[in-house]
Amino acid sequence: MPELPEVETIRSALAPGLTGRKLERVEILDPRLTRPEPPELVAAALERERVSAVRRRGKYLVVVFESGRHLLVHLRMTGNVLHPAPDGHENDLHVRAVVRLDDGSDVVYHDVRRFGTWELLEPGELKEYFAVRRLGPEPLGRAFTAASLGGALEGRRAPVKAALLDQRAAAGVGNIYADEALWYARVHPLTPAGELDEEQVAALRDGIRKALRLGIRRQGASVRNYRGADGLRGRMQDEFRVYGRDGEPCERCGTAIVKTRAGGRGTWYCPSCQPGD
DNA sequence: CCCCAGCCCTGGTCGC
DNA sequence: TGCGACCAGGGCTGGG
């Protein structure tokens, strides 16, 4: 479940080793990785491309090539990009692609559950790609304000938790950071999104940024099998205020954290600090 | 348009 | 020890 902080952690670890390198050989082992385009087409197109930057947009890793093409890597649930390649990756069933760089090192794409995707965009297609998907503002950028969040939530009857998982509100917020943000903001996750008052929307905007910034500082959350590109675990799981903590005391008030469901996802909150429903 | 259920996918856990 | 049921969830599709 790499969300914005996990993807940003991977991006920042990859950028120094990939920037300026040429892709010499691209081996795509999982035919589903590049759907709908066949993997051999994407692999052939990628070979001899030179990386000019490694960026991130929401939960997408964006590899920028000098040709103007972009490779969009979405890790979904269990995807990861490792560089340099860890020992023994040749025998790892879950390695879905290997890219040899012109310095002789390998980049390994690893994904147990195979939800992750690679999409190669031609020059100039990136903006349209994100526009079609109506990807919202970067939550750590200037465009993400209480007003922009309020606009995204306005009139919506869905639980605010579900509205946060919708990438139109803020790009990159997933299940973990949505719960953490709601706790910081003292907002009940099942509150209809459109019913939040101005003060709550402002608190939620701040809570989202607080949770994401903490996640980046801690190099992501290593729950289940997430690892950074360097293979190291993040430490954000030690900072969880509510996520996965049902039955444990809320650090603000001592009340036991409760688990419920919202937007089809496991959702944790403090029934005392986050009143309502 | 909104909202939600179902789908994709595999590994880990739980009950029997 | 084995086996089946169930759960984890990001983003997309399809139905109401």
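The points below begin with conventions, continue with salt bridges and end with the DNA strand.

1. This is a predicted model, in which local features need pLDDT of at least 70 and side-chain atom pairs count only at pLDDT 80 or more, whereas totals for chains, interfaces and linings use all residues. Residues are numbered from 1 along each chain as its sequence is written, chains are lettered from A and ligands numbered from 1 in the order in which they are written, and side-chain values use heavy atoms, with hydrogens and water left out.

2. The structure contains 19 salt bridges (a side-chain nitrogen of Lys or Arg within 4 Å of a carboxyl oxygen of Asp or Glu). In one of them Arg-56 pairs with Glu-8, with 2.8 Å between the closest N and O atoms. This pair links distant parts of the chain, 48 residues apart: Arg-56 belongs to strand S2 (residues 51-57) and Glu-8 to helix H1 (residues 4-18). Helices (H or I, at least four residues) and strands (E, at least two) are DSSP runs, numbered from the N terminus.

3. Arg-56 is buried at 18% relative accessible area, and Glu-8 is buried at 15% (buried means under 20%, exposed over 50%, partly exposed in between; 1.4 Å probe, protein chains only).

4. A salt bridge also joins Asp-102 and Arg-21, at 2.5 Å from N to O. Here 81 residues separate the partners: Asp-102 lies in the loop between strand S6 (95-101) and strand S7 (106-111), and Arg-21 in the loop between H1 and strand S1 (23-28). Asp-102 is partly exposed at 26%, as is Arg-21 at 25%.

5. Arg-241 and Glu-251 form a salt bridge at 3.2 Å, N to O. Both lie in the loop between helix H7 (198-217) and strand S9 (258-262), so the pair ties together parts 10 residues apart in sequence. Arg-241 is buried at 14%, while Glu-251 is exposed at 55%.

6. DNA strand C is surrounded by 17 residues, the closest being Arg-113, Phe-115, Asn-175, Lys-259 and Arg-265 (near means a heavy atom within 4 Å).

7. Which atom of DNA strand C is 2.3 Å from an N or O atom in the side chain of Arg-113? It is a base nitrogen. A phosphate oxygen of DNA strand C lies 3.2 Å from a polar backbone atom of Gly-266.

Terms used. Polar contact = N/O pair within 3.5 Å; in protein donor to acceptor, adjacent residues only side chain to side chain.
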